[in-house]
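The sequence and structure come first.

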Amino acid sequence: MSADPTTPVLELRDARRTFGSGPAAVHALGGVSLTLHAGRSLAVTGRSGSGKSTLLNVLGLLETLTDGQYLVAGQDVRTLGTAAVDALRAHTFGFVFQSFHLVPYLTVAENVELGLTYQRHGSRARRAHIAELLERVGLTHRRSSTVATLSGGEKQRAAVARALVRRPAVLLADEPTGNLDDASAAAVLDLFDGVTADGVALVMVTHDLQTAARADERLTMRDGRALA
Ligand code: ADP
Ligand code: MG
């Protein structure tokens, strides 16, 4: 990653993503530009089908562009080979989803550790790092509980810990509070505030305008384009 704080961590220039072709083509992204710097948060809103998840998938290198440019820490991802893109994805991004994507029969600590499976870490350093993350998300007392026994709010906080385990530069969250009650949602958003204060950039899709209002920047999508 670039250490230059003036280089945006993420930059899209006229990003386009089309699914299908001919009369059936869907322009999920019809020319979106954005920049995001370290420690900043961006809320993406817009009705269903407007391109929010496509945008998040493009940013997380889970989806490629049909046209336009995407730069991660100043580097044009088109210039990278598959292995370099895989490495960039693994080291730059943490993902949080509405439906948690945790393994229900494993413990909280095991789920968090899963994010590190392919990393070379001494087991002591690994345990200390996981303990620190669980402390941070307020789940130390639940570390040995299986995920299936957690509340929705606890599951999402476990998912945030797992997303942070590789110390990503960017956290990408698709409706992270969509399945939570107000108090649990507020706890997750407070957690995100701490994460951005540590210099991590956050992109969060939400349909909740109050949640969007907490972000540093907002982008409203309509038919694959950003409303001014
Ligand atoms: P949102 O997250 O805002 O609901 P999406 O990004 O999921 O919107 O979808 C935007 C548009 O692109 C929709 O019309 C959707 O049907 C279409 N789309 C998304 N992914 C695919 C895909 N893999 N294949 C075909 N069409 C897709
Ligand atoms: Mg979506």
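## Sheet

In this predicted model, strand 1, which spans residues 10–19, pairs with strand 2 in the antiparallel sense, and eight bridges join the two. Within this pairing, threonine 35 of strand 2 is the residue opposite glutamate 11.

The two strands belong to an open sheet of four strands, ordered 2-1-4-5, in which the pairing is antiparallel. The edges are held by strand 2 and strand 5 (75–76); each has a single partner strand, so one side of each has no neighbour in the sheet. In general, the strands of a sheet pair through backbone hydrogen bonds, in either a parallel or an antiparallel sense.

## Ligand site

Helix 1 gives the most, with three residues. The shell consists of Phe19, Val26, Ala28, Arg47, Ser48, Gly49, Ser50, Gly51, Lys52, Ser53 and Thr54. By class, three of the shell residues are nonpolar, six are polar and two are charged.

Polar contacts to oxygen atoms of ligand 1 come from both backbone and side-chain atoms. For serine 50, a backbone N or O atom lies 3.2 Å from a ligand oxygen. A polar backbone atom of glycine 51 is 3.1 Å from an oxygen atom of the ligand. Lysine 52 takes part through its side chain, with a polar atom 2.8 Å from an oxygen atom of ligand 1. The ligand taken alone exposes 560 Å², of which the protein buries 58%.

## Glutamate 154

Helix 5 covers residues 152–164 and includes glutamate 154. Is this glutamate buried or exposed? Its relative accessibility is 13%, and because buried means under 20%, glutamate 154 counts as buried.

A polar atom of the glutamate 154 side chain lies 3.0 Å from the backbone nitrogen of serine 151. Which residues does glutamate 154 contact when its neighbours within four places in sequence are left aside? They are Leu139, His141 and Arg142.

Methods:
Residues numbered from 1 in each chain as written. Chains lettered and ligands numbered in written order. Predicted model: local features only at pLDDT ≥ 70, side-chain atom pairs only at ≥ 80, totals over all residues. Heavy atoms only, no water. Near = heavy atom within 4 Å. Polar contact = N/O pair within 3.5 Å; in protein donor to acceptor, adjacent residues only side chain to side chain. Areas by Shrake-Rupley, 256 points an atom, 1.4 Å probe, with all protein chains shown as cover. Nonpolar A, V, L, I, M, F, W, Y, C, P; charged D, E, K, R; others polar. Pairing = 2+ DSSP bridges. Buried < 20%, exposed > 50% of the residue type's maximum accessible area, 1.4 Å probe, protein only. Contact = heavy atoms within 4.5 Å.
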